[in-house]
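Here is a short briefing to read alongside your structure.

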Amino acid sequence: MALAPGAHGRAGAPRAEGDADAPPPCITMQKTLGETMHAHTDNCFPGDGSRAEILDATPVLEILLIEDDPDLSALIMEYLDMESMRCDNAMTGAAGLDLALNGGGIGYDCIILDLNLPLLDGLSVCHELRHRGIMTPVIMLTARDRLEDKLQGFSHGADDYLCKPFEMQELIARINVLANRKYKNSLLQCDSLIMDVAGRSATRGGKRLSLSAIEWKLLHLLLASSPRPVSKQKLLFEIWGESPPDSDSLKVHIHNLRKAVDLPGETPLLQTVPGHGYVLCAKR
């Protein structure tokens, strides 16, 4: 869609009264521009030379937009696409909650949540996410600008609060601040397997792992989603974009990653989920 007039991307102006009816439940799954994977030859893992190249640790951000206004949703999704972010859109609170809890193995980096939603309001969605242990950053969108409304949003677990209408550049900036925080300031860990994303290193039981570029990316995707599984389709798209090789190539890389990660004497972590994909978790 063409960007709306008002060149700075101001979004969220109130709808006319005739548009007040909520649309039926709907989920939009968006694929955006293919991810560019940057390679580095410095600060790499020790290895045999052929495994020295690793990937940039900065991932494409996965955004969940829960907004029932189709025009505003389309505008936000277009701007996210321009920023090389990928976005799923749910148009009811119930559909958004289901995606956040069972989103096909996708670990969302940020949730943009409207307050007034059909079937389940934004406050209830946020409260339920926190109750279920989902700590993904949440930005609430609403026309309510009173202090009491903002405090109520924060008390239900929101991380940020943006009043309509808003500038699209501000929304993008807020997403980047919240979503990138976990990649810059935290380690990814499953059992004794630890990945330092910023430092571009991975260890298992204190032993530094030697990984190829593709193995590093696979490990990052699986750890970021753990203990939730990641589908084969998502792994193929994340690694190779719109032109993936046959599935045998993925199997070979998973086999090599399993050998690197599941060291002798350590609990096996890289599990196959039949008919779906792979997951990093300790067997119970």
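Leu 119 sits in the loop that runs between β7 (110–114) and α3 (122–131). Its phi is positive, about 75 degrees, although Leu 119 is not a glycine. Please keep in mind that this is a predicted model.

- Most residues other than glycine have a negative phi, and most peptide bonds are trans.
- Is Leu 119 buried or exposed? With a relative accessible area of 64%, Leu 119 is exposed, because the cut-off for that class is over 50%.
- Ser 84 is another non-glycine residue with a positive phi, near 60 degrees.
- You will find Ser 84 in the loop between α1 (70–82) and β6 (86–90), and its relative accessibility of 33% makes it partly exposed.
- A cis peptide bond leads from Lys 164 to Pro 165, with omega near -10 degrees.
- Pro 165 belongs to the loop between β9 (160–163) and β10 (166–167).
- Ser 226 and Pro 227 are also joined by a cis peptide bond, and here omega is about 10 degrees.
- Pro 227 is placed in the loop between α6 (213–225) and β15.

**The chain as a whole**

- The chain has 8 helices and 17 strands.
- It holds 284 residues, and 48% of them count as buried.
- The accessible surface of the chain is about 13600 Å², and carbon and sulfur atoms account for 53% of it.
- Looking at contacts between residues at least 6 apart in sequence, 67% connect residues at least 24 apart.

**The sheet of β11 to β14**

- In what order do the 4 strands of this open sheet lie? The order is β11-β12-β13-β14, with antiparallel pairing.
- The edges are taken by β11 (188–190) and β14 (207–208); each has a single partner strand, so one side of each has no neighbour in the sheet.
- β11 and β12 (residues 193–196) run antiparallel and are joined by 3 bridges.
- To see how these two strands line up, look at Gln 189, which stands opposite Ile 194 in β12.

**The sheet of β15, β17 and β16**

- Here 3 strands make an open sheet with antiparallel pairing, in the order β15-β17-β16.
- Its edge strands are β15 (230–231) and β16 (270–273), each of which pairs on one side only.
- β15 pairs with β17 (residues 277–280) in the antiparallel sense, over 2 bridges.
- Which residue of β17 stands opposite Ser 231? That residue is Gly 277.

**A closer look at Thr 272**

- Thr 272 has its place in strand β16.
- At 45% relative accessibility, Thr 272 is partly exposed.
- Once neighbours within four places in sequence are left aside, Thr 272 is in contact with Arg 258, Gly 277 and Tyr 278.
- Gly 277, one of those contacts, is the residue in β17 that stands opposite Ser 231.
- Thr 272 and Pro 229 are 43 residues apart along the chain, while their C-alpha atoms are separated by 8.9 Å.

**A nonpolar patch and an aromatic pair**

- Which residues make the nonpolar surface patch of about 310 Å²? They are Leu 147, Leu 151 and Phe 154.
- Leu 151 is part of helix α4 (residues 147–155).
- A pair of aromatic rings is described by the distance of the centres and the angle of the planes.
- A search of the whole structure finds 1 aromatic pair. In this pair, the ring centres of Phe 154 and Tyr 161 are 6.3 Å apart and the planes are at 55 degrees, so the pair is tilted.
- Why does 55 degrees give a tilted pair? Planes under 30 degrees apart would count as stacked and planes over 60 as edge-to-face, so the angle here falls among the rest.

Definitions and conventions:
Residues numbered from 1 in each chain as written. Predicted model: local features only at pLDDT ≥ 70, side-chain atom pairs only at ≥ 80, totals over all residues. Heavy atoms only, no water. Patch = residues over 30% accessible without salt bridge, like charges linked within 9 Å, V, L, I, M, F, W, Y side chains within 5 Å. Areas by Shrake-Rupley, 256 points an atom, 1.4 Å probe, with all protein chains shown as cover. Salt bridge = Lys/Arg side-chain N within 4 Å of Asp/Glu carboxyl O. Phe/Tyr/Trp six-rings, centres within 6.5 Å; stacked < 30°, edge-to-face > 60°. Pairing = 2+ DSSP bridges. Buried < 20%, exposed > 50% of the residue type's maximum accessible area, 1.4 Å probe, protein only. Contact = heavy atoms within 4.5 Å.
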